[in-house]
Structure formats: C-alpha cells, structure tokens
Amino acid sequence: MKIVCIGRNYADHAAELGNSVPSEPLFFFKPESAILHKDHPFAIPEWTEDCHFEIELVVRMDRAAKWIDEAHAARCYTQVGLGIDFTARDIQKELKAAGKPWEKAKAFDGSAVLSREWLPLEGLGGDIQNIRFSLERNGELVQQGHTADMLFSVDALIAHVSKYSTWKTGDLLFTGTPAGVGRVQPGDRLEGFLGGRSMFKLDVL
Ligand code: ZN
C-alpha cells in the first residue's frame with residue numbers, strides 16, 4: 001500500500017508559502033510506516049522546530065489502475081476520508097532550497113493522520129468536487145477547504161499519477177491542503193471535519 005500526496009493543489013495555499021501554481025500536478029509519496037496509529041497522539045519529532053498541520057481530503061482506491069484517463073477515474077473510488085499531512089516545514093525549506101527530495105520533511109513516522117472511518121461518497125452528495133472540510137485547533141477554526149477550489153480535480157490527479165505509478169487497491173490519495181497551515185505545539189488538540197462531521201480528534205505531544 002502506498003500513499004500519494006499532492007502539493008500545491010489550492011491556489012490560496014500555494015500563495016501563502018510563496019510558491020507558484022503548478023502547470024501539472026505535483027506529487028510525492030509517504031510510506032505505509034508514516035500512518036499514525038488510530039487514536040494515538042502525534043509526537044512532534046525532536047529534529048524539527050516548525051512542524052505544520054495540513055488538512056486534506058483523502059480518497060481510497062477501490063481498484064487497481066494504470067494509464068487510466070480522467071473520464072474513467074471516478075470508477076476507482078467510492079469512499080473518502082480526511083487526513084493530516086504533517087510537514088516539517090523548516091526541513092522542507094532547506095531541502096527545497098538545495099533542490100533535494102522532500103522525504104525527510106514529509107515521510108516520517110506518524111506524518112500521515114487518517115480519519116477513524118471512511119464515508120461513502122454517495123452519503124456526501126455524490127460529487128467529489130463539492131465537499132467541505134475543515135480543521136479546528138483547540139476549538140478554533142484554522143483551515144477550511146472546499147474541493148471545488150482544487151486546481152486539479154481528484155479524477156485528474158488519479159489519471160496523472162497513473163501514468164507513472166500503478167494504483168493498487170487500498171492506496172490512498174491525499175489531495176492537497178487549502179490555506180491556513182500552521183505550526184503545532186505540544187498540548188494542541190486537532191479535530192477534523194468532513195461535510196460537518198467530526199472525523200478525528202488528535203492530541204499533540
Ligand atoms: Zn499536503
């Protein structure tokens with residue numbers, strides 16, 4: 001099982017980090033070992049001073065796909081969830097400046113948070129590009145997204161990635177984060193919402 005993550009898929013988030021909007025989807029991987037165990041707290045790694053939350057809609061692949069075109073990509077999934085793509089922003093900045101890969105900043109243990117459950121897309125209205133999601137920190141809204149604002153649709157992302165890497169059943173797609181990312185501190189409590197429903201609560205150590 002692999003996790004594919006998309007960078008810069010919302011214009012407002014690309015702008016807040018001073019990045020240009022990409023002309024094609026930007027993707028990277030997290031290994032299975034990055035998944036935070038359910039109901040475990042998130043421990044900020046000791047080697048970063050600037051660990052950021054990024055709330056993201058997550059799509060789970062129900063079937064394998066290679067070289068699938070955008071028009072047929074919706075056949076690949078029926079359920080969605082919510083996740084956090086934890087990012088060591090200070091390390092990522094160093095790597096980016098040096099032209100090096102991001103894995104150290106993105107693929108570490110616990111960096112992929114997943115919601116407790118998957119929701120059938122039908123129950124959310126059936127249109128993957130019409131879903132609201134948000135993140136609260138200590139009860140205050142810090143990020144809110146709407147999938148209509150994605151630069152590349154979920155189906156376009158699935159099609160693009162499938163040109164390079166075969167999708168397998170159970171693979172996960174983190175679809176990018178909207179604006180509002182920020183640093184976590186020990187003692188924070190994060191709660192994610194998908195279509196108004198609480199999907200996870202997470203303590204930060
Ligand atoms: Zn992300």
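A residue counts as buried here when its relative accessible area is under 20%. With that in hand, here are my notes on this predicted model.

1. **Cysteines.** Cys 76 has a relative accessible area of 0%, so it falls under the 20% limit and is buried. Its sulfur lies 18 Å from the closest cysteine sulfur, that of Cys 5, which is too far for a bond. Cys 5 is likewise buried, at 0% relative accessibility. For Cys 5 the nearest cysteine sulfur belongs to Cys 51, 14 Å away, and Cys 5 is in no disulfide. A search of the whole structure gives 0 disulfides.

2. **The zinc site.** Which residues coordinate the zinc ion? They are Glu 54 and Glu 56, each through OE, and Asp 85 through OD, at 1.9 to 2.1 Å. Along the chain these donors follow the spacing E-x1-E-x28-D. Distant parts of the chain are linked here: Glu 54 sits in the loop between β3 (51-53) and β4 (55-60), while Asp 85 is in strand β5 (residues 79-85), 31 residues apart. Glu 54 is buried, with a relative accessible area of 4%, and Asp 85 is buried too, at 0%.

3. **Strand β1.** Is β1 enclosed or open to the outside? Because 5 of its 5 residues are buried, β1 is largely enclosed by the rest of the structure. In a regular strand, side chains alternate between the two faces of the sheet. In β1 both faces are covered, with Ile 3, Cys 5 and Gly 7 buried on one side and Val 4 and Ile 6 buried on the other.

4. **Partners of β1.** Strand β1 pairs with β11 (residues 172-174) in the parallel sense, over 3 bridges. With β2 the pairing is antiparallel, and 5 bridges join the two strands. Val 4 is a handy residue to look at in both pairings: it stands opposite Leu 173 in β11 and opposite Phe 29 in β2.

5. **A sheet of 3 strands.** There is also an open sheet with the order β6-β3-β12 and antiparallel pairing. Its edges are β6 (87-88) and β12 (182-183); each has a single partner strand, so one side of each is left without a neighbour in the sheet. Between β3 and β6 there are 2 bridges, and Cys 51 stands opposite Ala 88 in β6.

6. **Asp 50.** This residue lies in the loop between β2 (26-30) and β3. At 10% relative accessibility, Asp 50 is buried. What does its side chain make a polar contact with? The partner is the side chain of Arg 183, at 2.8 Å. Leaving aside neighbours within four places in sequence, Asp 50 is also in contact with residues including Thr 87, Ala 88, Arg 89, Asp 90 and Lys 93.

7. **Helix α2.** Two of those contacts of Asp 50, Arg 89 and Asp 90, are among the buried residues of helix α2 (residues 89-97). Just after α2, Gly 99 takes a positive phi of about 70 degrees.

8. In soluble globular proteins, nonpolar side chains tend to be buried together. Here the largest nonpolar core has 48 residues, and Ile 84 and Phe 86 have the most contacts inside it. Helix α4 (residues 154-162) gives the most to this core, with 5 residues. Apart from it lies another core, of 10 residues, among them Ala 34, Val 58, Ala 112 and Leu 172. Not counting residues up to four places away in sequence, Ile 84 touches a list of residues that includes the zinc ligand Glu 54 as well as Phe 53, Ile 55, Val 113, Leu 135, Phe 174 and Leu 202.

9. **Backbone points to check by eye.** Arg 8 has a positive phi of about 55 degrees although it is not a glycine; Arg 8 is found in the loop between β1 (3-7) and α1 (11-16). Trp 67 also has a positive phi, of about 50 degrees, and is not a glycine either. Trp 67 lies in the loop between β4 and β5. Is Trp 67 buried or exposed? It counts as exposed, at 59% relative accessibility.

Technical notes
Residues numbered from 1 in each chain as written. Predicted model: local features only at pLDDT ≥ 70, side-chain atom pairs only at ≥ 80, totals over all residues. Heavy atoms only, no water. Donors = N, O, S within 2.8 Å, 3.2 Å for Na, K, Ca; no water. Helix = DSSP H or I, 4+ residues; strand = E, 2+ residues; numbered from the N terminus. Buried < 20%, exposed > 50% of the residue type's maximum accessible area, 1.4 Å probe, protein only. Disulfide = S-S within 2.5 Å. Pairing = 2+ DSSP bridges. Core = buried A, V, L, I, M, F, W, Y, C linked by side-chain atoms within 4.5 Å. Contact = heavy atoms within 4.5 Å. Polar contact = N/O pair within 3.5 Å; in protein donor to acceptor, adjacent residues only side chain to side chain.
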